[in-house]
Amino acid sequence: MSAIDYIAFWRLRPRFIATIAGCAAVVGVGAAGAAADLGIMAPSNDKVATLLKARLPRTTVSKVDCGVVDGLCEVTAGSNLFYVDRSGRYLMIGRVYDMETRQDLTATRLLEINPDTLIGGAAKANNAASSDEAPLTRGAGASPSAPASPQHLSLTSLPATGAIVWGKSAGKTVTVFSDFRCGYCRALSNTLRTMNVRVVERPISVLGSRDLANQVYCAKNREEALHQAYAGEPLRNAGTCDTSGLDANEKFARAHGLSGTPVIVRSDGSMIEGYRPKEALAAFIEGGRS
């Protein structure tokens, strides 16, 4: 069966639902134990990998992990990522977002898979040329073998307001355009916290996060609120204030075509888009090529 025939979202089969319901009704036996007794335990990672090999012969599967998300198997194919149901029949392309922890699980995995790739704030689906090759999700941006060179972005038209300044005051300054719901922005923030750098963070609501940005910007302790927001924690010191500086950030972003996050700007105006590993960030901030 070709990948084109696969449904892009996973649906539980009626038979599976009925069986689980029957297992739950067994007195004195847990659902997992009853399922095991009836021989309906989910197939192993290896079994799913074997099924995919038969159904997607032109896709080289590096790893299958059926323990990440309940009901789904995460499939790594080189620097790409997609999901299948546990029968290996239905394939899903897209992002898995944990609404409880507010974490983009797909973004986190793509970052682990592609640590040296220029990665923007959103993933893209790449349709394969052949019908027996899986369309995959990978980090948006340049290929690992051809990272983009820094561009130039003048920040002189931005007002002093709209910035959240944090990090090491004695370190070199880097300006970051970010979104508090962007997984790569969170990863960048965590990396910058380990470096001797002064960060001027300018939130832009690419992912509909303006309300959250308002709360962070108006907090009594903006730096603390910023890290709480990235961690998905409740803001403990939120307040209200003039947020026209955030309006200026977004107007600037639109005027300069900044449609993704993060965007990192050095003190001399050199700019790169997307997350970079610590070593590359350090080289870029120091003035070397990223």
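**A look into the interior**

Guide: Cys185 is buried, because its relative accessible area is 2%, where the limit for that word is under 20%. Cys182 is buried as well, given a relative accessible area of 1%. Both values, like those that follow, are computed from a predicted model.

In soluble globular proteins, nonpolar side chains tend to be buried together. Leu192 shows which parts of the chain come together around it: once its neighbours within four places in sequence are set aside, its contacts are Trp166, Val176, Val197, Val199, Leu281 and Ile285.

The C-alpha atom of Val176 is 6.3 Å from that of Val265, although 89 residues separate the two along the chain. Val265 belongs to strand E13, residues 263-266, and it counts as buried because its relative accessible area is 0%. Beyond its neighbours within four places in sequence, Val265 touches Leu153, Leu155, Val174, Thr175, Phe177, Ser270 and Met271.

Helix H5 also has a helical partner. Helix H4, made up of residues 105-113, packs against H5 with the axes 8 Å apart and at an angle of about 55°, so H4 is described as oblique to H5. On the H4 side the residues that meet H5 are Ala107, Thr108, Leu110 and Leu111, and on the H5 side they are Gly183, Tyr184, Arg186 and Ala187. Sorted by class, this contact between H4 and H5 consists of 5 nonpolar, 2 polar and 1 charged residues.

Finally, there are the cysteines that are bonded to one another. The structure holds 2 disulfides, and with the bonded cysteines counted along the chain their pattern is 1-2, 3-4. One of them links Cys66 and Cys73, with an S to S distance of 2.1 Å, and it is right-handed because the torsion about its S-S bond is about 100°. Cys66 counts as buried because its relative accessibility is 7%, and Cys73 counts as buried because the corresponding value is 0%.

The other disulfide pairs Cys218 with Cys241, whose sulfur atoms are 2.0 Å apart, and this link is left-handed, with -80° about the S-S bond. Cys218 sits in the loop between helix H6 (210-217) and helix H7 (222-231), while Cys241 sits in the loop between H7 and helix H8 (244-255), so the pair ties together parts that are 23 residues apart in sequence. Cys218 is buried because its relative accessible area is 11%, whereas Cys241 is partly exposed because its value is 37%.

Conventions
Residues are numbered from 1 along each chain as its sequence is written. This is a predicted model: local features need pLDDT of at least 70, side-chain atom pairs count only at pLDDT 80 or more; totals for chains, interfaces and linings use all residues. Side-chain values use heavy atoms; hydrogens and water are left out. Contact means heavy atoms within 4.5 Å. Axes are lines fitted to C-alpha atoms, for helices over the stretch in contact, and angles run from 0 to 180 degrees between N-to-C directions. Helices (H or I, at least four residues) and strands (E, at least two) are DSSP runs, numbered from the N terminus. Angles under 35 degrees count as roughly parallel, over 145 as roughly antiparallel, 65 to 115 as roughly perpendicular and the rest as oblique. Ala, Val, Leu, Ile, Met, Phe, Trp, Tyr, Cys and Pro count as nonpolar, Asp, Glu, Lys and Arg as charged, and the others, Gly among them, as polar. A disulfide is a pair of cysteine sulfur atoms within 2.5 Å. Buried means under 20% relative accessible area, exposed over 50%, partly exposed in between (1.4 Å probe, protein chains only).
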